[in-house]
Amino acid sequence: MEKIVVVNGIRTPFCKMGTDFNNLSAQELGRIALRELIERTPFELSELDEVIIGCVGQPADAANLARVVALLAGIPNEIPAFTVHRNCASGIEAAVQAAIKIRANEGTCYYVGGTESMSNIPFYLKKSLQDQLALLQRAKTMGQRLKIMVPFFKRYLNPMASLEIGLKLGLTDPVCGLNMGQTAEVLAKEFGITREEQDDFALLSHQRAIEGREVLKEEIVPVIPAPKFKKGVEFDNGPREGQSMEALQKLRPFFDRRSGSVTAGNSSQITDGAAMLLIMTESKARDLNLEILGTIKEFAFSGVEPNRMGIGPAHAIPKVLKKANMKLSDIEAVEINEAFAAQVLACLRALESDQFTKDFGCEGYTGVIDPSILNVNGGAIALGHPVGTTGARLILTMLKHLERKNLNTGLVSLCIGGGQGAAVILER
Amino acid sequence: MGLTYNEKNNVGVIVFDHDDSKVNILSSDVIKQLSAALDQLKDREDLTALLIVSMKKDVFIAGADIKEIEKIVEPDDGAKKAKAGQDVLNKIEELHFPTIAVIDGVALGGGCELALACDYRLATFNPKVRIGLPEVNLGFIPGFGGTYRLPRIVGLQEALKMILAGRPIDGAKALKIGLFDKIVTQKGLDQHIEEFVKDITEGKLKKSKYERRKKKKGFPGFLDHNPIGNRIVFDQSRKNVLKLTKGFYPAPLKAVDVVASNFYMDRKRGLALEARGFGELAVTDISKNLVYIFYLSEKYRKLSIKGTESIKPANITKCGVLGAGVMGGGIAQLLSSKGIWTRMKDISLDAIAKGFQAAGKVYTQAVKKRKLTKAVAAERMAHITGSLDYSGFANADYVIEAVVENMDIKKSVFKELSEKCSEHTILASNTSALSVTEMSLEVKDPSKVIGFHFFNPVHRMPLVEIITTAQTSNETLVTSLALVKRLGKTPIVVKDSPGFIVNRILLGYICEAGHILEETGELEEVDLVMTDFGMPMGPFLLSDEVGLDVGLKVMHILEESFGKRFKAASIFEKILETGKLGKKSGKGFYDHTIKDRQVNTEVWDLMDSQFTRLDKQECLDRLVLTMINEAAKCLEEKIVEDPGAIDVGMIFGTGFPPFKGGLLKYADSLGIAHVVDQLEKLQKELEAERFAPCQYLLNLKNQNKTFFAKD
């Protein structure tokens, strides 16, 4: 089977919601990243088969966002594009779709990636308010209008009472009714992960991200955000320079105020950003004389209970290893997305556990992941988690890491809202 | 033959198809033919309708014959010519069966007026469809009934807007204001016409074009239909015209006056008034000058260089811009606005941010003025990216550098570009005065190097100076000219020489202004003399706008090459020493920080207080003759061959008043002998060698010639 290679990749800095990228839409962030990748890669766009982009909070004003991004970035009209949504793994899904298409001989070259502007996820009118507005429009006489409007104003004087926050809706599982943080609490309690362990993990993430700043810069295109174009943004703004245990310990549990341990400090940040990759067959890359960043060797997805969604990686990792006929010990570097410290730690525990291995029949594909090879340049707790983007970011970060450290094999994995896990094996 | 007539199913068709021309023109001959054709038709009882159509692609009728108008020297003669046209168009109006103009392209001036004389105007969705009365741009007013009929068809306000701005409108707008009765697809046009005629004969459309117009309601209705409202419209129009033209252009004012009277007259008197107005204006120098410039700018807009006609310009899809500041950003904006992918490179993110700001500002303005939709503006803006390195330059087709005006930096930039770009990339410098030849020595292939000099602000100034070196290849030149045209600018091609044409002439003038200031202590007065002359701003305000540092740098370059006549008056250096750079730093000759800009009082402290009185005429002579003398030197040195190029350069590059006909046309109108004598007088009186008339001028005088040969 022909090797599927990543030729090049780039991402925008990741900026906390409501900060530097507040005025940039998801399509604009995607456009910036994709255009920059085009500029930096000596690749004729006529060779391209399709553009595939993941996005979770797909903007109402950019239906089929991938097509919008592609056109704005200068992809020729003739080349199609589609948007994918697998929640937090949307960015990985985009890459995987390209890989599947290549394996099916559908094409050879794909621009893929993810983009997310969590700053621009809208508020919605509550259904009851919508109904009343509809009634008001249909009302004929002044009397009828008043009859609707008086209680209407009384009730909706507080605007928040009439609105639903899109972001909150998106981060709540509609099947089990828990929001993502609450699912992390479920795992923390199940695996007995203490607050201190979580805060330790969070602190390390910040420290590594601060230390890795210059390293991460290699994968970042500086962005000068519209509409004012005031100053360039070169670095992720999530990592905290002086993050300390004391500061982390001061925070109150956010999702379970009385008995919980998951805080804003040991959860991923809500962030804006985009990442793009150029994926093609190895032979095509050689034909075009392109340097190769790395190979997508294998990928797998698996499902878990929605209220334990954070455990997804523990299931996806053995699955992908089995598919690739590899052992966990073959892996030289690992990225597990830090949706929540509790959830990553739970995955590590599960993979170490004989019981887990036996229960799920994955003998030979589990084991211990050395913390020194896990998320070495920090993770989403420090860098942020623009949901649709992260998957593509992890592939990019891992491939750059392998190149830098001259390693051969890396593994990236994410938990996925709704109860899934994704894992991809990358090689150089 | 200009037109033919045929008939089908009792529908007559007059077909305009001017021989040996891409367009139809209403020349005297054609009007006579039209008259004869109409005379044949007027008693025909069997015809149900008359169509007027054009066989030319994308053209209905492009207007009257400007060459004929140019030759009019007597107002009465002009009025008579107008009346002849009016009489024939009246014949169309008087036919007892419906008349329909079928407009599938441009209908301008006389072409528009012919369509107005018809009962109906049927247009197509052809994007080339434009209709309007551009006469005021040539210094006269519509003469074939346009001022009489247009306000009656589209309403007073819309009509005045069209007549006074002289800007044609597109089909959608024409339909909206009722100028077109219907727009149909080009495909199946014959059938559409048939149906339209059927609708008319079946009485679905009112016959009288004036009654067909929808009456406006509310305040717009008051303005259009009420005599008091009309008064407000006329007064407001006059005010706006005066503000825009500063009173230098009589045609739009005359147009308001004519409409203000003939709006209330019957056709006979109304048209007679219009014809008189046309005749009076057509004979003015201003009109002659504007017509001259019309021809000149048409020539340069489509400029092609002899011997290069067979060379195909290279395709340009991607450009690099080096130096992202205000200029680089402006250039990037212009390129992106034409759908060209543009990569800006600079040495810091802050510098790139400045470029984005400059480009973004132009787009924001365009959206505000509704020239672009938000979506289109964003899509165009997305064509610009920034970079700190040369990534993305390898596949650039054309690179324009706009880095600081420093030869060493330019040289190193060209050297780098030569290494980073591909063999086919053309490397252009936006330098305003430095030697392009010297820069070209740094690259592998100097035939790919050319000068591409924009004027600031890039999106507004219509001129680009193309500077060729001895090595510049014809392919490079042809591609560059094609790019200028694609960007909607007008090129002049000049040989590489310090300051090229425009800045060299302009700086001579600014230099002289500095001397006058030091001698007389008058600053605003000097500026006023030049704005009264018609320049958009005086020399000192211009210095402030350009930036004293920038201007002085160019002056030094010129002084180095041409000697003492470009030695800057010490006042420039002195102001610069105080850290005032002009508008960008808040103060220069003027204080720009206060609302109504005033003279920067610090200037007085920097000068001796021994002043002589300012003589306005002498001041004007010194400034304008300096420019003429310098321009003649440029011709003498063969930096350009055609004096027309200098006029184009000065009008489009510096705003030299078009109604004066351009710098050298103006010199001709002064008389070469007068110019030479005055220069010699100044040379003697002021004991200043810089006024010595150059050999080129002396030759012209001795041979009794002018810059432009007379026909």
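Begin the tour of this predicted model by selecting Lys246(B), which sits in the loop between helix 11 (227-245) and helix 12 (250-262) of chain B. Its phi is positive, at about 55 degrees, although Lys246(B) is not a glycine. Most residues other than glycine have a negative phi, and most peptide bonds are trans. With 13 other C-beta atoms within 10 Å, Lys246(B) counts as partly exposed.

Next, move to chain A and select Phe229(A), another residue other than glycine with a positive phi, this time near 50 degrees. Is Phe229(A) buried or exposed? Because Phe229(A) has 20 C-beta neighbours inside 10 Å, and 20 or more is the cut-off for a buried residue, Phe229(A) counts as buried. Phe229(A) is found in the loop between helix 9 and helix 10 of chain A, and Pro227(A) has its place in the loop between helix 9 (213-217) and helix 10 (245-250) of chain A. Show the backbone there, and look at the peptide bond between Ala226(A) and Pro227(A), which is cis, with omega at about 0 degrees.

Now select both chains and look at where they touch. The contact takes 17 residues from chain A and 16 residues from chain B. On the side of chain A that touches chain B, the largest share, 5 residues, comes from helix 1 (residues 26-40) of chain A. If you colour that side of chain A by residue class, you will find 7 nonpolar, 2 polar and 8 charged residues.

Return to chain B, which is divided into domain 1 (3-283), domain 2 (318-495) and domain 3 (502-579 + 608-702). Select domain 2 and domain 3 of chain B, whose C-alpha centres lie 29 Å apart, and note that 13 residues of domain 2 are in contact with 14 residues of domain 3. On the domain 2 side of this contact, the elements that give two or more residues are strand 17 (463-468) and strand 18 of chain B, and strand 18 gives the largest share, 4 residues. By class, the side of domain 2 that touches domain 3 has 8 nonpolar, 2 polar and 3 charged residues.

Then show the strands of chain B as a cartoon, and follow the open sheet of 8 strands in the order 13-12-11-14-15-16-17-18, in which the pairing is mixed. Which strands stand at the edges of the sheet? Strand 13 (384-387) and strand 18 (490-495) of chain B each have a single partner strand, so one side of each is left without a neighbour in the sheet. From one strand to the next, the twist averages 25 degrees.

At the strand 13 end, strand 12 (residues 341-345) of chain B runs parallel to strand 13 and is joined to strand 13 by 4 bridges; select Lys345(B) to find its bridge partner in strand 13, Ser387(B). Helix 15 (residues 326-337) of chain B lies across several strands, including strand 12, to which it runs at about 170 degrees. In the loop between strand 16 and strand 17 of chain B, select Pro457(B), which is joined to Asn456(B) by a cis peptide bond with omega at about -5 degrees.

Finish at helix 29 (residues 663-670) of chain B, where 6 of the 8 residues are buried, so the helix is largely enclosed by the rest of the structure. Among the buried residues are Leu663(B), Leu664(B) and Tyr666(B), and the buried residues pack against helix 14 (285-301), helix 27 (616-636), helix 28 (643-654) and helix 30 (672-685) of chain B. Just after helix 29, Gly671(B) takes a positive phi of about 100 degrees.

Key
Residues numbered from 1 in each chain as written. Chains lettered and ligands numbered in written order. Predicted model: local features only at pLDDT ≥ 70, side-chain atom pairs only at ≥ 80, totals over all residues. Contact = placed C-beta atoms within 7 Å. Nonpolar A, V, L, I, M, F, W, Y, C, P; charged D, E, K, R; others polar. Buried ≥ 20, exposed ≤ 12 C-beta atoms within 10 Å, placed from the backbone. Pairing = 2+ DSSP bridges. Axes fitted to C-alpha atoms, helices over the stretch in contact; angles between N-to-C directions. Domains from an automatic or database assignment.
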